[in-house]
Amino acid sequence: YQRRVRGDIQRLMSNTESWAALTEDQKEEKKGKLAQDEKQCRSYLTLANETVHMFHYLTTSTQAPFLVGELVDRVAAMLNYNLLQLCGPKCANLKVQEPEKYGFQPKVLVQQLTDIYIHLESEVFIEAVAGDERSYSPDMFAMAIGRLRN
């Protein structure tokens, strides 16, 4: 939804000539679609923020359940994937006008995700992080540090 929010409709609305060329019905339809997508985006981001916050909170004092069997691989892959989305080469796709309007705080998410890596630091977790072929790269953490410094 975030992609649709920042996509065609916002660009169309910012192009006064193109926007003026639409009929009132078309404008109303586009505004309605944008409002619906914005609402959905806010809802998903609220859920994402709360989930990451809860995971951050849990791993502060309890690590063992996240470091067993298959779960450690899934946790590592999830963290790697989300960190890559927020800091990797495609992170520009997440930009929207007025991110605070949607509750989108990428720097806070990156900070919480990196804290979770630290909370779970162990030999088995490090192996799981490095073993994730889908999202892991050594550069990912350098990109995250760069995001946190800006």
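How many salt bridges does the count come to? The answer is 4 salt bridges, and the close-ups below visit some of them in this predicted model.

**View 1. Lys-27 and Glu-24 pair up in a salt bridge.** Their side chains meet with N and O 3.6 Å apart. Both residues sit in helix α4, and because they are 3 residues apart there, about one helical turn separates them. Lys-27 is buried, at 12% relative accessible area, whereas Glu-24 is exposed, at 53%.

**View 2. Lys-33 reaches Asp-37.** Here the closest N and O atoms of the salt bridge are 3.2 Å apart. Once again we're in helix α4: the two residues are 4 residues apart, about one turn of the helix. Lys-33, at 34%, counts as partly exposed.

**View 3. Glu-38 and Lys-101 meet in a salt bridge.** The N to O distance is 3.2 Å. This pair links distant parts of the chain, 63 residues apart: Glu-38 belongs to helix α4, while Lys-101 lies in the loop between α5 (69–87) and α6 (106–119). Glu-38 is buried, with 10% relative accessible area, and Lys-101 is partly exposed, with 36%.

**View 4. Met-54, Tyr-57 and Leu-58 make a nonpolar patch on the surface.** Together, these three have about 320 Å² of accessible area. Take a look at Tyr-57, which is found in helix α4 (residues 24–61). Its relative accessibility is 56%, so Tyr-57 counts as exposed.

How values were computed:
Residues numbered from 1 in each chain as written. Predicted model: local features only at pLDDT ≥ 70, side-chain atom pairs only at ≥ 80, totals over all residues. Heavy atoms only, no water. Patch = residues over 30% accessible without salt bridge, like charges linked within 9 Å, V, L, I, M, F, W, Y side chains within 5 Å. Areas by Shrake-Rupley, 256 points an atom, 1.4 Å probe, with all protein chains shown as cover. Buried < 20%, exposed > 50% of the residue type's maximum accessible area, 1.4 Å probe, protein only.
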